[in-house]
Each structure stands twice: as structure tokens, then as C-alpha cells.
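Trainee: Could you walk me through reading side-chain contacts and a helix in a model? I'd like the general idea before each case.

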Amino acid sequence: MCSVVTLVAVLQTSSWVDPARHRIQMVNVADGVQLEVLDFGGTGRPIVLLAGFGNTAHVYDELAPKLIGAGHVYAVTRRGYGVSSRPQSGYDVARLGEDVLAVIETLRLEKPVLVGHSMAGQELSYLASEHQDRIAGLVYLDAAYRYAYDVPGEFEKDFPSLPAPPPTPPAVARPPFTLPEAERRQPRGETTAREAIPAGGRQFTKIGLPALAIFASPHDTGAATPDPEFDRFDEAVTVCRERACCDGLVRVTTCF
């Protein structure tokens, strides 16, 4: 397995140069564990961006610069991804949340707003529950689903009258989307997907911070004709979204 130093060296010696305007630093979060942190600049309240499953901080290379007018923007690559350390353990929700807190403390960030996509919803909920005094607010980017506030499982079990969705959405045509090139070039290493998925379910039902949840609603796939199977999937997602917004499990100021 390549070391973090080796991976960074490979990226630095490549003829390609990352055009994104950020400063890269490695932050110690535990013994032998460092996380890559991108500093995009800006002034005012800190804004910390957390990536979804399978992505690194570089997935925000194009979005982050658009936020610097609102605050000082950072993005974090969690352990097991990109050039961050790849330890054999430490992938439960609490440890990942404490990693983010360690970044906040090391960089002396005063009550940042945390913005998390997809899987990062768990880290947002953990930090809001366990370290509420250190966080100003939360933004869930298509991340305030059941896995973000309840024990991971099949959310449709709470709604017996709802048809179970298919395991995955039907394959349909989607609008073209391209990840930032730096994200596509990130080293994948030898960490398995299993190792990098948060383990150990937790319930977070007392999140007492201002929160904004942004959902893909409806989940428009760009299909030319309606697909009843996808409609069934979208119905299940909608129920989960409404529970997060309206039942008080996650206090949300606005839903889209």
C-alpha cells in the first residue's frame, strides 16, 4: 500500500497542474492518521465541506470558489480516500466525526457551518449531537435521509403501506455531468469500499442546530418517457425526505 507521502509525491510530480485555487495541507487527526484539507480562502465564518461516498475534497473544486463570498471555505478528505491516511480501522461514524472535529480544532475554526453531501450526513448529525457548542449550523446536500439520523436500514419498514423500492433506480438517460479533473485523478489506493463505509449505526434524534436540507426532489433523471419503476423508487425517497423535514428528527429550516 502506498504511503500518504508517496501518493502526494506522485501527484506533485505529474505534468498536470491542478488549476483549482486552494492551498493543500495535511492535518493530524489521530496517531498516524492525517487528512487532506483544502483551503479555498475567503473571509468570515468558516464553511467546511465534507464529501459523499467515494469522493474526496476535490469534488468541491468548482463549487467551493463560488462560496468564498459567504465565508472562509475549507474541504476535507475523510480517512480512507485520496491522499488521506488509510488505516485499517476507524471507520465508524463517531471516529469519522471526531476526525472532522480534530480538523476544526487544529485549524482553530470558530463555529463553522458544516456542509455535507450524501454519506457525510452521518458526520453532520454526529457532530451536531455530540459537539453542538462547536458548530454553527448544518447544510445537508441530498444527505438528510434515514442514514443521517437513524440506525442504517430499510427506511420503508417504517411505512408498511408503501411499496418497497427496487434495490437501485432503473437505468435511464441522465444529463451529462463531469467531475472536476482533480477529483478524477485522485488515487484510489487499496482501501476497500467496505473499509471506507461508516460502520456502526447510531441514532441522532436531537439535533438542536439550524439546518438546511437540500434534496433532489423530484429525482429528475432526464428520462424521455415516464418510468413507473422509477416513480416507485422516487415515492419511497420522498417519504423519507418528508420524515426528515417534518417529523422533527432533523430540524430543518427549508426543504427543496
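Mentor: Let's start with aromatic pairs: rings of Phe, Tyr and Trp (its six-membered ring) pair if their centres lie within 6.5 Å, with planes under 30 degrees apart counted as stacked, over 60 as edge-to-face and the rest as tilted. This structure holds two such pairs. One joins Phe 53 and Tyr 81 edge-to-face, at 6.4 Å centre to centre and 85 degrees between the planes. That pair links distant parts of the chain, 28 residues apart: Phe 53 is in the loop between S3 and S4, Tyr 81 in the loop between S4 and H2. Helices (H or I, at least four residues) and strands (E, at least two) are DSSP runs, numbered from the N terminus. The model is predicted, so local features need pLDDT of at least 70 and side-chain atom pairs pLDDT 80 or more, while totals for chains, interfaces and linings use all residues. Residues are numbered from 1 along each chain as its sequence is written, and side-chain values use heavy atoms, without hydrogens and water.

Trainee: Is Tyr 81 buried or exposed?

Mentor: Buried means under 20% relative accessible area, exposed over 50%, and partly exposed in between (1.4 Å probe, protein chains only). Tyr 81 has 7%, so Tyr 81 is buried, whereas Phe 53, at 42%, counts as partly exposed.

Trainee: Which residue lies over the face of Tyr 81?

Mentor: For a charge over a ring, NZ of Lys or CZ of Arg must be within 6 Å of the ring centre and within 35 degrees of the ring normal. Here Arg 78 takes that place, 5.8 Å from the ring centre.

Trainee: How many salt bridges does the structure hold?

Mentor: A salt bridge needs a side-chain nitrogen of Lys or Arg within 4 Å of a carboxyl oxygen of Asp or Glu. There are six. In one of them, the closest N and O atoms of Arg 79 and Asp 99 are 2.7 Å apart. Both of these residues are buried. Asp 99 also bridges to Arg 95, at 2.9 Å, and Arg 79, Arg 95 and Asp 99 are linked in a network.

Trainee: Where do Asp 99 and Arg 95 lie?

Mentor: Residues three or four places apart point the same way, because an α-helix has 3.6 residues a turn. Both Asp 99 and Arg 95 are in helix H2, four residues apart, about one turn.

Trainee: How far apart are the end C-alpha atoms of H2?

Mentor: The expected span is 1.5 Å times one less than the number of residues. For the 14 residues of H2 (93-106) that gives 20 Å, and the end C-alpha atoms are 20 Å apart, which agrees.
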